[in-house]
Amino acid sequence: MKKSFIRFPMLTLAASALLLAACGNDAEEKKTTESEQTTTEKTTEDNTATEKPVEEKPAKEEVERDAGGYIIDQEPATEVKKVDGVVIANKRFPMPGDYAPGESADARAAFNELNKAAQQAGYTFNAFSTYRSYDRQTELYNNYVAKDGQEAADRYSARPGFSEHQTGLAFDIGETSNPNDYASNRFGKTEAGKWLAEHAHDYGFIMRYPDGKEEITGYMYESWHFRYVGKDIATEIYNNDSTLEEYLGVEG
Ligand SMILES: [Zn+2]
């Protein structure tokens, strides 16, 4: 695998080489015949992202990362990273294999409230993938690597310990009547997807990987992947057009 040295957060790699899909993703599991199509679409969207000039900022830390954006020879995590009580899971902060909180009851309750409001507006949502265990992610990832090779698998599946779904706080959301758009950025272009993007924070969810924030989150745009953080934090992040990394002041 090609190795690149990056002085974080000056991410100078081409976005297409760096950004990975975080979900990894259960929709493909459910629609295996569409997995190739989904991957291709993501790649295409990824490549259309314009490269912006990167501002020079003082490096917080020097870490060596591989082409997938993962830190080379990173020690396995011994505990989950929390900042002010908020769980953060990304390429910089993986989770231990035995971190297995299950689906968050608070997140599920908030999702149910969100769905009630959505139905008033004419949309019904399905959280088609929420909690995934480390072992489940290992199984998924290894299957993808066997099928497509690691480089390709890294583009659409998180490595074990790195999927936010292991926190139990990540909800992949789609419209119940439109499963063909599950785990696809077609969803973000639908009326339902737009409604969700504008209202999720009122119920404590943020769009975790917004368009244009790839260099901060480390992941490409995912219009379907939402993270429960509670209403106050979600509203602040939404109002500031920000990300969880920026809010917590941590690396992606
Ligand atoms: Zn997801």
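Author: A residue is called buried if 20 or more other C-beta atoms lie within 10 Å of its own, exposed if 12 or fewer, and partly exposed in between, with C-beta atoms placed from the backbone. Ala107 is buried because 25 other C-beta atoms lie within 10 Å. The model is predicted: local features need pLDDT of at least 70 and side-chain atom pairs count only at pLDDT 80 or more, while totals for chains, interfaces and linings use all residues. Residues are numbered from 1 along each chain as its sequence is written.

Ala107 belongs to helix H4, residues 105-120. Helices (H or I, at least four residues) and strands (E, at least two) are DSSP runs, numbered from the N terminus. Beyond its neighbours within four places in sequence, Ala107 contacts Leu169, Phe171 and Tyr228; contact means C-beta atoms, placed from the backbone, within 7 Å. Gly168 lies 61 residues from Ala107 in sequence, yet their C-alpha atoms are 8.2 Å apart.

Now the sheet. Strand S6 (residues 170-175) pairs with strand S8 (residues 222-228) in the antiparallel sense over three bridges; strands pair if DSSP finds at least two bridges between them. Asp172 has His225 in S8 as its bridge partner. The open sheet has four strands in the order S5-S6-S8-S7, with antiparallel pairing. Strands S5 (125-129) and S7 (205-209) stand at the edges with a single partner strand each, so one side of each has no neighbour in the sheet.

In the protein, which has 10 helices and eight strands, 40% of the 252 residues count as buried.

Key. Two residues are in contact if their C-beta atoms, placed from the backbone, lie within 7 Å.
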